[in-house]
Amino acid sequence: MQCDKCGAEAVMHAAYSGLHLCSEHFRRSVESRVRRRIRDDALLSEAATADDPETWLVGLSGGKDSVVLTHLLEGTFASDPRVELVALTVHEGIDGYRDASLEACLELTDDLDIEHEVVSYADEYGVEMDAVAEDDPEGMAPCAYCGVFRRDALSRYADEYGADKLLTGHNLDDEAQTAMMNLLSGDIAQVAKHFDASLGSFEEREVDDSPFVPRAKPLRDIPEKEVALYAHLADLPVHMAECPHASEAYRGEIQELLYGLEDDHPGTRHSIMSGYEELARLAAEAHRGGEGPRGECDRCGAPTNNEVCRKCDLVDAVGGELPGDD
Amino acid sequence: MDVTCEVLGGGTHELELDADATYGDVLEAVGLSTQEASVLVGDSPVPEDRRIEVDSVQVLRLIKGGATPGGT
């Protein structure tokens with residue numbers, strides 16, 4: 001079976017487009033789609049210059065998505081003086097799992113000669129996820145605690161580095177799942193938030209008055225399997241293991257549903273995202289005007305509408321402490 | 001036809017498939033969607049709609065979990 005572009009041996013078939021591609025053309029295809037997304041989303045501001053470059057903080061977990069993202073960003077922008085890249089790895093304190101994923105991050109950033117920072121929940125919050133999952137004081141899935149801590153850590157380091165943007169490795173499957181979860185929950189405010197937080201192009205989002213560092217997801221057009229395939233073909237150092245606490249059951253149900261739909265109707269995920277993005281834009285326009293956090297947490301200063309932010313609530317609940325506590 | 005299928009990080013399966021089976025049929029036989037796994041022949045991926053030409057394959061599957069809840 002041959003590549004539709006050059007006749008060499010095909011390594012994959014994209015059912016949604018009908019194309020068979022060889023290793024080289026497949027990799028080129030992923031790279032061009034990511035670059036197109038970066039252009040379409042106006043990720044690189046016109047105001048960025050060699051004298052005043054933009055700083056992009058990249059969340060690097062060691063998994064395939066963030067490794068591929070970091071690799072592609074370095075390949076595209078390493079010699080572009082308008083962009084400074086910093087990779088940030090968060091060590092959650094999961095025995096046997098995070099140490100191995102951290103090694104993958106270090107191997108990658110050494111290869112790429114990219115600035116790399118490692119922070120840990122233990123240092124930042126006085127907690128480790130293994131203990132949090134075992135104690136579970138709020139009766140939530142481990143991912144619910146971990147997501148709050150991770151987002152806070154990424155946001156605070158983005159502030160510390162003066163980052164203009166925070167980039168994460170969410171792929172097409174991740175985004176289609178989130179879109180379906182938001183739609184099925186009927187939470188229009190969450191849909192609107194999704195648009196302004198990370199989904200919309202920077203030309204369409206309202207980010208200037210937001211207290212959060214704006215986020216972007218350059219891989220969001222790439223199916224998850226293609227991200228894994230790219231990492232394999234490019235021989236990237238990827239940590240291949242499942243988080244022992246991963247347990248988002250509802251997301252798993254949505255994932256299985258989407259697999260079935262995509263198998264039977266190739267292109268479903270792309271169609272979901274195309275329509276959802278338009279709906280999200282409309283929802284965002286309708287919901288703007290003073291709904292974002294307007295205050296600061298009494299304890300850590302993070303943006304929040306409450307006296308104390310969600311992160312600090314959880315740090316207390318799990319018996320952790322902030323660096324400033326004593 | 002008989003095909004030995006090693007799911008990397010999983011187990012090894014001895015499959016009995018139709019003579020005109022494709023690599024996609026291998027994935028189906030081990031309970032994986034074509035959206036979540038790739039078939040490797042000699043470390044190189046192969047298209048799922050290609051007819052099987054070997055008696056031993058490996059499967060590279062996606063790792064579950066890890067996406068930030070909410071995904072905003």
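Select chain B and trace its elements from the N terminus: the order is β-β-α-β-β-β, that is, 1 helix and 5 strands. The model on display is a predicted one.

Keep chain B selected and colour its residues by burial. Of its 72 residues, 49% count as buried. If contacts are drawn between residues at least 6 apart in the sequence of chain B, 50% of them join residues at least 24 apart.

Next, move to chain A and select residues 23-40, helix H1, together with residues 64-77, helix H2. The two helices pack at an angle of about 75°, and their axes lie 11 Å apart. Because angles of 65 to 115 degrees count as roughly perpendicular, H1(A) and H2(A) are described in that way. To see the contact itself, show the side chains of A:Val30, A:Glu31, A:Val34, A:Arg35 and A:Ile38 on H1(A), and of A:Leu72, A:Leu73, A:Thr76 and A:Phe77 on H2(A). By class, this contact comprises 6 nonpolar, 1 polar and 2 charged residues.

Finally, select residues 188-199 of chain A, helix H8. Its end C-alpha atoms are only 14 Å apart, whereas a straight helix of 12 residues would span 16 Å at 1.5 Å a residue. Among the buried residues are A:Val191, A:His194, A:Phe195, A:Asp196 and A:Leu199.

Key
Residues are numbered from 1 along each chain as its sequence is written. Chains are lettered from A and ligands numbered from 1 in the order in which they are written. This is a predicted model: local features need pLDDT of at least 70, side-chain atom pairs count only at pLDDT 80 or more; totals for chains, interfaces and linings use all residues. Side-chain values use heavy atoms; hydrogens and water are left out. Helices (H or I, at least four residues) and strands (E, at least two) are DSSP runs, numbered from the N terminus. Buried means under 20% relative accessible area, exposed over 50%, partly exposed in between (1.4 Å probe, protein chains only). Contact means heavy atoms within 4.5 Å. The expected span of a helix is 1.5 Å times one less than its number of residues. Axes are lines fitted to C-alpha atoms, for helices over the stretch in contact, and angles run from 0 to 180 degrees between N-to-C directions. Angles under 35 degrees count as roughly parallel, over 145 as roughly antiparallel, 65 to 115 as roughly perpendicular and the rest as oblique. Ala, Val, Leu, Ile, Met, Phe, Trp, Tyr, Cys and Pro count as nonpolar, Asp, Glu, Lys and Arg as charged, and the others, Gly among them, as polar.
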